[in-house]
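Biologist: I am new to this structure and would like a close look at a single part, the place where the two chains meet. Please take me through that part and then place it in its surroundings.

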Amino acid sequence: MDPIKVIEIKKSVFADNDQDAALLRKELKGKGVYLLNLMSSPGSGKTTTLIKTIGLLKDSLRIAVMEADIDSDVDAVKIREATGIRSIQLHTGGMCHLDAEMTRQGLDNVDMENLDLVILENVGNLVCPAEFDTGAVCNAMILSVPEGDDKPLKYPLMFSVCDMVVINKMDVLPYFDFDLDKCKKYIRLRNPKAQVIPVCAKTGEGVDVFAAWLLEQVKSWKQQ
Amino acid sequence: MHELGIVFYIIRDVKQAAGENGVTKVNAVVMNIGEVSTVVPEYLTDCWRWAADKEDLLRGSELKVNVTPAVSWCEDCHQEYPTVQYGKTCPFCASEHTFLRRGNEVEIKEIEVPND
């Protein structure tokens, strides 16, 4: 008798997460809460962009923010102090990304009945968060000028899962070899549907365009 | 860098499969890892050693990795080509209208258990 028996499993490691995410998306639809999953590298200006965006939208939409980080609550505190909206901090316990189950646990801590929009600020990382569906209605990312225009080539999955790419820190463009047209071309190679909005979160330039896009997204999704 | 998180997913699924099959000891777990799955097999097996040894079911078990080739499909000339070598551009007709057909899978193929 063979000392080893083989049991066939044939299961994708991501199958359960994909299922959880689909279920969460359905529940969010039922409650009329739009979940935006915002991703980027560390230091691209996610929190600053969010503060400016929320400032423009908080009279039109009821918004909450979930901050995901490996440790600390600096981002959640910063958002709360700057905008006055509800913000909670999630700790990933050393993990480099959030999955659908962690997202659901976070949502259990916000009052979903009185919200239109929840923005999930994912862990700063261009690799892992792209792999895991969080259950969000839409994935967006922020790329900043100092990171370079070649990032869509180096991190193809991130750019193929995002339908909105915000290019931040446009004010420092003269000091870097960043070619905006080239970057747009690389982004569209990965995702022909992706929209690109250049902004400067520090001065607020272009943030109104992003805020208007988000408002329209939430409104049309609610009417669907 | 997300290999440890993936190892936790594998452990969860293997525990479930073991429970369903009445298995109390696993000798090896065999994975199919796509060439462009962004999972590094060496990191995965390193993380496996650390995490699996904390579980009675999996202590000392081996994680075997089959790397599966990445293949893209060209929508314009209807041919397959190896993704890693040619990337997004079809080597036959230079089209960019191509997409990945396989090679990004992270799949538990089977588990090996004592036959008793």
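Modeller: Strand E1 (residues 4-12) of chain A and E6(B) run antiparallel and are joined by 7 bridges; two strands count as paired if DSSP finds at least two bridges between them. Within this pairing, A:Lys5 has B:Val113 of E6(B) as its bridge partner. Helices (H or I, at least four residues) and strands (E, at least two) are DSSP runs, numbered from the N terminus. The model is predicted, so local features need pLDDT of at least 70 and side-chain atom pairs count only at pLDDT 80 or more, whereas totals for chains, interfaces and linings use all residues. Residues are numbered from 1 along each chain as its sequence is written, chains are lettered from A in the order in which they are written, and side-chain values use heavy atoms, with hydrogens and water left out.

Taking the interface as a whole, 26 residues of chain A are in contact with 29 residues of chain B, contact meaning heavy atoms within 4.5 Å. About 2,500 Å² is buried between the two chains, and carbon and sulfur atoms give 62% of this area. Buried area here is the accessible area (1.4 Å probe) that two parts lose on being put together, summed over both.

There are 14 residue pairs in polar contact between chain B and chain A, both residues being at pLDDT 80 or more. A polar contact is a pair of N or O atoms within 3.5 Å; within protein, one must be able to donate a hydrogen and the other to accept it, and residues adjacent in sequence count only if both atoms are side-chain atoms. On the side of chain B that touches chain A, the elements giving two or more residues are helix H1 (3-20) and strand E6 (106-114) of chain B. That side divides into 13 nonpolar, 8 polar and 8 charged residues; Ala, Val, Leu, Ile, Met, Phe, Trp, Tyr, Cys and Pro count as nonpolar, Asp, Glu, Lys and Arg as charged, and the others, Gly among them, as polar.

Chain B and chain A also share 3 salt bridges, each a side-chain nitrogen of Lys or Arg within 4 Å of a carboxyl oxygen of Asp or Glu. One of them joins B:Glu107 and A:Lys10, at 3.4 Å from N to O. B:Arg12 forms a salt bridge with A:Asp16, with the closest N and O atoms 3.4 Å apart. This pair crosses from helix H1 of chain B to helix H1 (residues 15-31) of chain A.

From the N terminus on, the elements of chain B run α-β-α-β-β-β-α-β-β.
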